[in-house]
Structures are given as C-alpha cells and as structure tokens.
Amino acid sequence: MELTINIPPTDWYVQTKENDLEYWRIDYPPLSAYISYVCGLVSRWLDPPSMELLASRGYETSLHKTFMRATVLVCDIAFLLSAMIV
C-alpha cells in the first residue's frame, strides 16, 4: 500500500530508488494496485506511520494488523457480492 500512495503510478512496476523490486514488488494488475492505493489512503489517515515509504518496513501494530485484515475481508465480501449479483 505504501508504494502506491508514495510513488507515481508510472514507477509502480519498475526498479527505482524508492521502489526496490527485490523487497516489495507489485505483482498484480493495475486495477488491484488502485484498490491498494485507496486502502493506503485510508491507512495513512488512520495510522500515518504505517504508510511512510521505506521507514514502514517491518511496521507492526495491533491497529495496522486489524486494518490489513479488515481490508481483506471487505474486498472479499465485495467480490463475493458482485459475483452473486451477476
């Protein structure tokens, strides 16, 4: 998430000083990256240190873990509901 809110979309998939592909590569399609961007904006609002580029490596707090788990549940429910409607 911190990649998508801290570097421009043109650098999401290329090696740069800020985007170390060996450490944290975005390996999903752009639409998923934009979903990660929105979640990152919410995370930065709730817990700003969790989205500090490079400084957030290894960042673990109860709030952030809960937020990450909640984003997975919300996205899974959204995809499930969209499949049920179709």
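S43 touches M1, P48, S50, M51, H64 and F67, leaving out residues up to four places away in sequence; a contact here means heavy atoms within 4.5 Å. S43 sits in helix 2, and because its relative accessibility is 1%, it counts as buried (buried is under 20% relative accessible area, exposed over 50%, and partly exposed in between, with a 1.4 Å probe and protein chains only). Please keep in mind that this is a predicted model, in which local features need pLDDT of at least 70, side-chain atom pairs count only at pLDDT 80 or more, and totals for chains, interfaces and linings use all residues. Residues are numbered from 1 along each chain as its sequence is written, and side-chain values use heavy atoms, with hydrogens and water left out.

**Overall architecture and confidence**

- The C-alpha trace spans about 45 × 30 × 20 Å along its principal axes.
- Of the 86 residues in the protein, 26% are buried.
- Taking contacts between residues at least 6 apart in sequence, 47% join residues at least 24 apart.
- The average pLDDT is 89, and 100% of the residues score at least 70; pLDDT is the predictor's confidence in each residue, from 0 to 100.
- Confidence is lowest in helix 1 (residues 2-6), with a mean of 89, and highest in helix 3, at 93.

**The largest pocket**

- The largest pocket holds about 260 Å³ of space; a pocket is an open set of points on a 1 Å grid over the protein atoms alone, where a 1.4 Å probe fits, with protein on both sides within 12 Å along at least five of seven lines.
- Its volume is the space filled by probe spheres set on the points, with grid points joined across faces, edges and corners.
- Its lining, meaning residues with an atom within 4 Å of a point, consists of M1, Y28, S32, I35, S36, C39, M68, T71, V72, C75, D76 and F79.
- Helix 2 (30-46) and helix 3 (62-85) are the elements that give two or more residues to this lining, and helix 3 gives the most, with six residues.
- By class, the lining has eight nonpolar, three polar and one charged residues (nonpolar: Ala, Val, Leu, Ile, Met, Phe, Trp, Tyr, Cys and Pro; charged: Asp, Glu, Lys and Arg; polar: the others, Gly among them).

**The largest nonpolar core**

- Six residues make up the largest nonpolar core: L3, I7, W12, W24, I26 and A33; such a core is a set of buried Ala, Val, Leu, Ile, Met, Phe, Trp, Tyr and Cys residues joined through side-chain atoms within 4.5 Å.
- I7 is in contact with W12, E18, N19 and L53, setting aside its neighbours within four places in sequence.

**Two loop residues**

- V14 lies in the loop between helix 1 and helix 2 and counts as partly exposed because its relative accessibility is 37%.
- Beyond its neighbours within four places in sequence, V14 is in contact with N19 and L21.
- S56 belongs to the loop between helix 2 and helix 3 and counts as buried, because its relative accessibility is 5%.
- S56 touches E2, P49, S50 and M51, not counting residues up to four places away in sequence.
- S56 and T66 are ten residues apart along the chain, and their C-alpha atoms are separated by 16 Å.

Notes
Helix = DSSP H or I, 4+ residues; strand = E, 2+ residues; numbered from the N terminus.
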